Amino acid sequence: MTFQTRIRASTAGWVILVTAAIVVAMLATRGRLPDPIATHWGPSGQPDGRMSFLPALLIFLALWAAIAAGLLATLFRDSLLTHRGYRAGLGALLAGAGVFFLGLTGTTIAANLDRTDWADARPVGLGQVALVLVVAVAAGAGAGALARRGPHVEPIRTHARPEPLSLAVDEHTVWITRVTNRFLTGLAGVFLVAAAATAIASLVLPRWVLFAIALPLAVIAVAGTALSSVRVEVNWNGLTVGYGPWAWPARRIPLSEITEVWTERRTPAQVGGWGYRGLPGARTTVMIRAGDCLVIRRRSGAEFAVSADDARHGAALLDALRQQLRVDSRTSRTRRSPR
Amino acid sequence: MLLRLDPQDRRPLHEQVASAIRRAIADGGYPAGSRLPPARDLAAALGINPNTVLRALRDLREEGLLEFRRGRGVTVRAGADGRSALVERLQAFLREADRAGYPPREIIKLIEEMR
């Protein structure tokens with residue numbers, strides 16, 4: 001069995017284990033639970049919402065399945081699995097989410113156990129919620145550390161110097177590109193739908209489900225959308241990277257900050273996945289899709305890369321502008337900024 | 001996509017934008033079938049109204065250089081690459097000839113005489 005197969009088998013096994021545990025725990029105790037069961041607790045800790053047994057079980061399973069499926073979907077690429085950082089992240093998220101859902105189920109069962117009516121269920125307070133979260137985070141951290149062990153492969157990188165630009169460069173020359181990953185946009189959409197569904201479901205589920213599940217799902221959806229598309233601009237103001245379909249928020253690196261420009265072909269496997277990857281301050285990549293990237297080195301020595309189509313022209317212009325700026329500052333010429 | 005608008009150029013803005021896009025495609029980086037950056041991104045980069053960019057794109061579609069496809073955006077039409085370079089050079093030549101006192105109709109007469 002290869003390393004990749006083992007990883008896939010163990011993650012699939014964990015997902016099945018958690019699913020089975022939820023189902024078995026709920027069905028085994030069904031006789032000792034009221035129907036409907038208390039599923040919603042108010043700020044006082046007292047139960048104020050209920051659901052029939054089967055719908056409650058199905059909703060727990062559906063939420064867990066949505067998160068697990070989203071994470072497992074990334075297991076397709078062999079090259080990702082040999083990357084230490086990716087494994088650690090995946091392991092942490094899967095373990096944390098699994099433990100969290102087990103805790104969710106366990107708390108609900110324990111509160112309803114041996115009660116004749118849902119209104120008589122034991123109180124569930126902030127303390128219990130906090131305990132479940134802490135255990136889930138700890139499990140995630142442990143799993144992440146465990147998953148880091150094993151091979152780590154950094155594939156060889158292609159590094160292309162920018163070609164000299166044929167046309168005369170001035171403040172009226174600009175370069176623009178937009179890179180979108182539709183799969184990531186779709187995935188973010190799925191999370192948004194899940195967040196909305198959970199928010200609606202929280203009408204009958206414990207209210208803290210809204211904050212513990214719907215809110216993180218919504219945050220993931222927003223972050224996913226912002227990192228599924230990027231607009232990259234090169235002009236006299238420097239390099240500007242705008243995140244998301246509306247290119248906002250945007251980050252601008254002035255020409256004076258840039259000491260080196262080149263292009264490279266990078267893949268998510270090399271940088272540890274999609275989105276904003278790497279170590280801020282040392283080496284970061286805005287990874288939208290495998291392919292050409294525009295890379296710069298900053299005055300601090302830090303390296304910044306962003307997925308870009310037609311990267312070679314962008315690098316050529318950025319390098320030309322950067323050098324022109326140096327020439328201008330030495331001869332103390334000032335340039336009017338463009339319209 | 002590398003774009004340059006010459007401030008000395010007195011042609012209507014949408015024509016200048018069309019020229020710039022034509023040249024960018026001719027220089028490579030956008031092979032047949034590849035998708036152009038969206039009009040609003042082009043407009044933002046050039047600091048002009050998106051409608052001007054849209055007009056330029058429509059003109060280029062009329063010319064046969066670009067294709068508008070639902071769900072795919074604006075793409076470079078197959079087989080159009082070489083043509084765009086020629087059109088660009090022709091336009092530059094016609095401008096130069098105009099400045100030298102030979103408007104396009106005179107050039108057409110010259111071509112007719114040559115054939």
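**Close-ups of a two-chain predicted model**

**View 1. Helices α1 and α4 of chain A, side by side.** α1(A) packs against helix α4 (residues 84-112) of chain A with the axes 9 Å apart and an angle of about 10°. An axis here is a line fitted to C-alpha atoms, for helices over the stretch in contact, and angles run from 0 to 180 degrees between N-to-C directions. Helices (H or I, at least four residues) and strands (E, at least two) are DSSP runs, numbered from the N terminus. So α1(A) and α4(A) are roughly parallel to each other (angles under 35 degrees count as roughly parallel, over 145 as roughly antiparallel, 65 to 115 as roughly perpendicular and the rest as oblique). On the α1(A) side, look for A:F3, A:I7 and A:W14, among others; they are part of a contact that includes A:R87, A:L90 and A:F101 of α4(A). Contact means heavy atoms within 4.5 Å. Sorted by class, this contact has 16 nonpolar, 3 polar and 1 charged residues. Ala, Val, Leu, Ile, Met, Phe, Trp, Tyr, Cys and Pro count as nonpolar, Asp, Glu, Lys and Arg as charged, and the others, Gly among them, as polar.

A quick note on reading these views: this is a predicted model, where local features need pLDDT of at least 70 and side-chain atom pairs count only at pLDDT 80 or more, while totals for chains, interfaces and linings use all residues. Residues are numbered from 1 along each chain as its sequence is written, chains are lettered from A and ligands numbered from 1 in the order in which they are written, and side-chain values use heavy atoms, with hydrogens and water left out.

View 2. The axes of helix α1 (residues 3-28) and helix α2 (residues 53-72) of chain A come within 11 Å and cross at roughly 175°. That is why α1(A) and α2(A) are roughly antiparallel to each other. Residues that meet here include A:T11, A:V18 and A:L27 from α1(A), and A:F53, A:W64 and A:L72 from α2(A). The class tally for this pair is 14 nonpolar, 2 polar and no charged residues.

**View 3. Where chain A meets chain B.** Here 21 residues of chain A are in contact with 24 residues of chain B. About 1,900 Å² is buried between the two chains, and carbon and sulfur atoms give 50% of it (buried area is the accessible area, 1.4 Å probe, that two parts lose on being put together, summed over both). There are 2 salt bridges between chain A and chain B, meaning a side-chain nitrogen of Lys or Arg within 4 Å of a carboxyl oxygen of Asp or Glu. Spot the side chains of A:R231 and B:D41, which meet in a salt bridge (2.6 Å, N to O). On chain A's side, β4 (173-180), β5 (229-235) and α9 (311-330) each give two or more residues. β4(A) gives the most, with 6 residues.

View 4. The peptide bond from A:D35 to A:P36 is cis, with omega near 5°, and A:P36 sits in the loop between α1 and β1 (37-41). Another cis peptide bond runs from A:W248 to A:P249, with omega near 5°; A:P249 lies in the loop between β6 (238-243) and β7 (250-253). A:D114 isn't a glycine, yet has a positive phi of about 60°. Find A:D114 in the loop between α4 and α5 (126-148).
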